[in-house]
Amino acid sequence: MSLFRHRPPPALLLWRAAGLLLLALLLPCVSSQAQAPAQPQRYEIDPDHLSVGFLVSHIGYAKVLGLFRAARGSYSFDEARGALSDVRIEVDTASVFTNHKKRDDHLKGADFLNAAEHPRMIFTAASARRTGERSFEIAGQLELLGRSQPLVLQATWNKSAEYEIGGLRKPYVMGVSARGSFKRSAWGMNYGVANGWVGDEVSLIIEFEARRQ
C-alpha cells in the first residue's frame, strides 16, 4: 500500500499553513494584552462631600472641634492593584470655622494661619503604602505658612461603586476616611504653646467622596 494515498490534498495543506501563520501573528498580541498592567484612573474629590476637620486642646479642658469650609483635591488610583498615587488636597485657610467668630478671626490672623499671606494649605503625596485590604499609609508633605514638612495620613478605602443617588448617568464614586496628626510648632505656629493655652498637636479628620473621571 502506498503511503501517498493518505497525504492531505494541497488545498487543505494551504489552509493549515495559513491558520498556523495567523495564530503565530495573534499570539504576541494576546500575550501583550494579558500582561499589560492596569492603568490608574484619575479621581476628583467632590467638594460637596469633602470634610476637613481638626481637634486642638483648649487650656487642657477640652478640645476645640473646627473645620475648613472650602477645600478641593484629586488623586490617581488603580483599583485592580490597589495603588494610590499623585495625591493633592488644597484647603482655603480663610475658610476656617469653629462656631465662634472672635476665635475664627484670631485663627485667620498672623498668630495662627495667617490667611492673608498664606491663603492655601496644601497636602501632596507621590504615592502610598498599602497596609491592608482597604487601608493605606500616605506619607506626604504639608505646606503651611510657607513651610513644607512631612505629614503621614492613615487612610481607609470605604467603598467604590456606581453612585446610588442621581440621574441616569451615575458616576463611579470612591469613598475615603483619613486621619493624621502633627505639631503645629514645626511650621512656626507657636502661639499658646509655651503656656499651654492652645495645644501644639493638631488632630486631622478627613472624609470625602471622589468621582472617577
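Figure 1. Of the 213 residues of the protein chain, 34% count as buried, where buried means under 20% relative accessible area, exposed over 50% and partly exposed in between, with a 1.4 Å probe and protein chains only. The chain holds two helices and 11 strands, arranged along the sequence as α-β-β-β-β-β-α-β-β-β-β-β-β. Helices (H or I, at least four residues) and strands (E, at least two) are DSSP runs numbered from the N terminus. Residues are numbered from 1 along each chain as its sequence is written, and side-chain values use heavy atoms, with hydrogens and water left out. Because the model is predicted, local features need pLDDT of at least 70 and side-chain atom pairs count only at pLDDT 80 or more, whereas totals for chains, interfaces and linings use all residues.

**Figure 2. The largest pocket and its lining.** The volume of the largest pocket is about 520 Å³. On a 1 Å grid over the protein atoms alone, a pocket is an open set of points with protein on both sides within 12 Å along at least five of seven lines, a cavity is a set of points where a 1.4 Å probe fits but cannot get out, and lining residues have an atom within 4 Å of a point. Grid points are joined across faces, edges and corners, and a volume is the space filled by probe spheres set on the points. The lining comprises 23 residues, with Val 56, Arg 103, Leu 107, Phe 112 and Val 198 nearest the centre of the pocket. At least two lining residues come from each of β1 (41–58), β2 (62–68), α2 (101–108) and β11 (201–212), and β1 provides the largest share, four residues. By class, 18 residues of this lining are nonpolar, three polar and two charged; Ala, Val, Leu, Ile, Met, Phe, Trp, Tyr, Cys and Pro count as nonpolar, Asp, Glu, Lys and Arg as charged, and the others, Gly among them, as polar.

Figure 3. The side chains of Asp 104 and Thr 98 are joined by a polar contact of 2.5 Å. Such a contact is a pair of N or O atoms within 3.5 Å; within protein, one must be able to donate a hydrogen and the other to accept it, and residues adjacent in sequence count only if both atoms are side-chain atoms.

**Figure 4. The largest cavity.** The structure holds two cavities of 30 Å³ or more, and the largest contains about 160 Å³ of space. Of its 17 lining residues, Leu 84, Ile 138, Ala 155, Val 176 and Phe 208 are the closest to its centre. Strand β9 gives the most to this lining, with four residues. The lining has 16 nonpolar residues, one polar residue and no charged residues.

**Figure 5. The second largest cavity.** The second largest cavity has a volume of about 120 Å³. Its lining includes Val 52, Met 121, Phe 123 and Leu 204. Strand β6 (120–127) supplies the largest share of this lining, three residues. By class, the lining has 11 nonpolar, no polar and no charged residues.
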